[in-house]
Amino acid sequence: MLWFILRRCGSAVIVLFVSSVLIFLGVRALPGDPATVMAGQEASPEAIEAIRHEFGLDKPLPAQYLDYLGQTLSGNFGRSTQDQLPVADILLERLPVTLELSVLAMLVAIVIGVGAGIVAAVRRGKLADYLATAFGLAGLSVPHFWLGLLGILLFAVTWRVLPASGYVPFTEDPVQNLQRMILPALVLGTGFAAILMRQTRSAMLGALSADYVRTARSKGLPEAKVVGAHALRNSLTTVVTVLGLQLGALISGAVVTEQIFVIPGFGKLTVDAVLTRNYPVIQAVVLVTVVGYVLVNLLVDIAYAFLNPRIRLSGGGHD
Amino acid sequence: MTEVMRRRRLWRRFRRRPMPMAGLVLVVAFVLLALIGPLVTGDPAAQDYMATLAPPSPEHLMGTDDLGRDAFARIAHGAQVSLQAGVLSTLLAMVVGIPIGLVAGFYRRWLDPIVMRLVDVTLAFPFLVFAVGLAAIIGPSLKGVVLALGFSQLPAVIRITRGEVLAVREMDYVAAAVADGAGDGHIIFRYVLPNCLSPLIVQATVAIPAAIIGEATLSFLGLGVQPPTPSWGVMLTTAQQYLSDAPWLAIWPGLMIALATLGFNLLGDGLRDVLDPRSAR
Amino acid sequence: MSLLEISDLSVHFATEDGLVQAVRDISLTLDEGEILALCGESGCGKSVTAMSIPRLLPPDTTRLKGSIKLDGRELTTLPEPEMRRVRGKTVSVVFQEPMTSLNPSFTVGYQITEVLRRHEKLSRQAAAARAVELLELVGIPAPQRRMKEYPHQLSGGMRQRVMIAIAVACSPRVLIADEPTTALDVTIQAGVLDVFRDLRDRLGTAIILITHDLGVVADIADRAIVMYAGRAVEQAPVTELFANPRHPYTLGLMKALPSAAVNGRLAEIPGMVPSPLSDPDQCAFHDRCPRVQEDCRLSRPPLTRQGEGHLAACYYPGGDR
């Protein structure tokens, strides 16, 4: 198990290194000379040259990369070109908002998706199965930003039961916070619930027809235990794998959801940064997203190994 | 059994199922809307100042937007953009991904582990990060959308192609062909590519709707197709501003995206059952 | 009164092609401490007959007729919660596939203690102690260590022994063993059969042994029922059956035994088993029977007495060797 975790950590570090090089080079590929951009439109050539020297832009590329890496590792992402605030501070302010949204959406997805998947598999061919399957298809097909618009239309415009948008920090007013987060979380979670439901259903159908489930029945166990312990336990690896595979989509989805509900999170920051060509912020945002993605992927891998005794005990890779 | 007979039998199996057939109908309707729609609906940029934000009527079947442009005309032209994004990005992923998958599958020793580790890591990579980076570098455009979506589909295509190479090379008759001195090129065109066809078709039914949603999403955010080009995502951006005054503007584009995506999903589920019995449950 | 009495049991399955008649009018009895073999080719209905006792057939598609009485209690109409108290406690099963019948996600110890905690209401420690005893009983070395291991860490023979330990955990009155040795090496087979014999001797467990291997039948069973196309065609004490087989199908099976092989080749019974979808009033074996006469095609031969406890369903019974 330890060997497995070490190997996965090692490859995570390699991925992070490659990503940082790509991001570094990507920024260098941006149109326009960063020194010119930073100095402003009316700067003199001398001023530009000074900035170039100050930021080490006259050094060779590998040296520049090492500078960049050193800066990044010490938490210095530069300053936003919009308001001159340190990018690191902006990130720290925005990240918790997006984390809250993502965690809530994941909870929605797991509760609805895994629940409906189990019910559909147990009641295969019955009404509940058809309803869940229809929900799965609809959830896959409806883009969540449209679902968000419909949600606002129904809950905020027509029925006026929830606020349409905005954000209140949880620490300030938990009730207000949840009131504003529930719709975005539902909207973001529904699409993933659909995917999870489809995968859980098919994994559970496989597990329910497995020999070991027949063994469990032959022991005289109550059906709840047969389904909930024996079949579900073996389907969980699928659920975890799907969660891992949906990670990227969740991040993308959070960006869009924040845009619709005007939630000042990471996603909104990203879009605003691109639209205003705020390069230091873009660079930081992409890097932090990649780091977050790699870390959560690592956690998913470890969770997967933990659920599967074959991997946990042998230290081998998948299968 | 001849190839023709095999195809006929697959078609019969497919035709008997109502859901995939419904999917096929939706997909055909979507393609027809994209190809023929723009010819019959008129100019999507024509503004009718007498009727801004007009509800659906016989003149404007789906109503008009804030500038008095006919929503139906814009839906039809938007279908074209959606179709382009879906097909082009999928083609891009195939054109780039199939050769990489082939090479990885054939040179297992040194290339395969590197490629597959990269595939594993990027399989679930948020395509929006690609898109954000590309939009930052080349500016928001359909080109950026296609590139971002195409590259995000790449890992899946590589994985499928490589998997088929490995599976095909295990087969006795291929091993026999190799023993007879058949070259890699012969193996690839005679055995590997024909075997890749089914899973790649199924993959396309996943990739195209993902790209349709992806294009709409990016355009909605302002990172994709730019106004005044009519895209379903751009239309929804406008609709968001007039949600309480003109809710129909939000209904139509979303409904079109959902129906087109649903069509591909149903079609894909059906094709998977027919073409790939291994994954059918 | 026998421990188990099955009378006129028929089991049909609803499928897309129609009703599959898996078992047709089977009657049998089983006494305490008796080892009864159900034998025949795959698809003859032997497993379905046995699995209908603990009602482990898919409830949605199964149509069951007839009566199954255990200790005088009718099982076919028992409410499901009551039935769950019978399963694993009074009637338990050892399945055919040792590789897949254990849950890969739980330790051996958990899978044994689970059934003890369910039926015997033992504490965690007491159940664990009992599970170690059971592993010893079925001949697993270092049982303490095995408790913490997962199925994939055990060999096929070990897993089958674990399955048996689970099945006998609550000292069942009836143990159903479905091809328990088929998936195992010959050397391990004998050991597993010894475990069954030992159980019968120590606990008085009655065992229904499902097998297509007449060698196993000769080795361990007291009595055997030969099934063909869902029906019992012959039943007799094992010594009598082997000494004096009456039904041509039984004879055919015996010729297929490795020990009876001529020049190392097994005799095969020519022809195919009739469709389980229809049930014409004739001998189901007539197509493949070397002794077939006109009347075999006109009506179905009933089970008739051939000797002490010996029945056969044939108009022209007799041995030819």
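Reader: What makes C:Ala142 count as exposed?

Author: This is a predicted model. C:Ala142 has 10 C-beta neighbours inside 10 Å. A residue is exposed if that count is 12 or fewer. Therefore C:Ala142 counts as exposed.

Reader: Where does C:Ala142 lie?

Author: C:Ala142 lies in the loop between helix H4 (124-137) and helix H5 (143-147) of chain C. Its phi is positive, about 50 degrees, although C:Ala142 is not a glycine.

Reader: Why is A:Val262 called partly exposed?

Author: A:Val262 has 13 C-beta neighbours inside 10 Å. Exposed needs 12 or fewer, and buried needs 20 or more. The count for A:Val262 falls in between, so A:Val262 is partly exposed. A:Val262 sits in the loop between H11 and H12 of chain A. A:Val262 also has a positive phi of about 50 degrees and is not a glycine.

Reader: How do you know that the bond from B:Pro227 to B:Pro228 is cis?

Author: Look at omega: for this peptide bond it is near 10 degrees, and the bond is cis. B:Pro228 is in the loop between helix H8 (184-221) and helix H9 (232-241) of chain B.

Reader: Which chains share the most contacts?

Author: Chains A and B do, of the two pairs in contact. Here 39 residues of chain A are in contact with 36 residues of chain B. On the side of chain A that touches chain B, H11(A) gives the largest share, eight residues. That side divides into 27 nonpolar, 12 polar and no charged residues.

Reader: What is the distance between the closest C-alpha atoms of chain B and chain C?

Author: They lie 15 Å apart, and no contact joins chain B and chain C.

Notes
Residues are numbered from 1 along each chain as its sequence is written. Chains are lettered from A and ligands numbered from 1 in the order in which they are written. This is a predicted model: local features need pLDDT of at least 70, side-chain atom pairs count only at pLDDT 80 or more; totals for chains, interfaces and linings use all residues. Two residues are in contact if their C-beta atoms, placed from the backbone, lie within 7 Å. Helices (H or I, at least four residues) and strands (E, at least two) are DSSP runs, numbered from the N terminus. Ala, Val, Leu, Ile, Met, Phe, Trp, Tyr, Cys and Pro count as nonpolar, Asp, Glu, Lys and Arg as charged, and the others, Gly among them, as polar.
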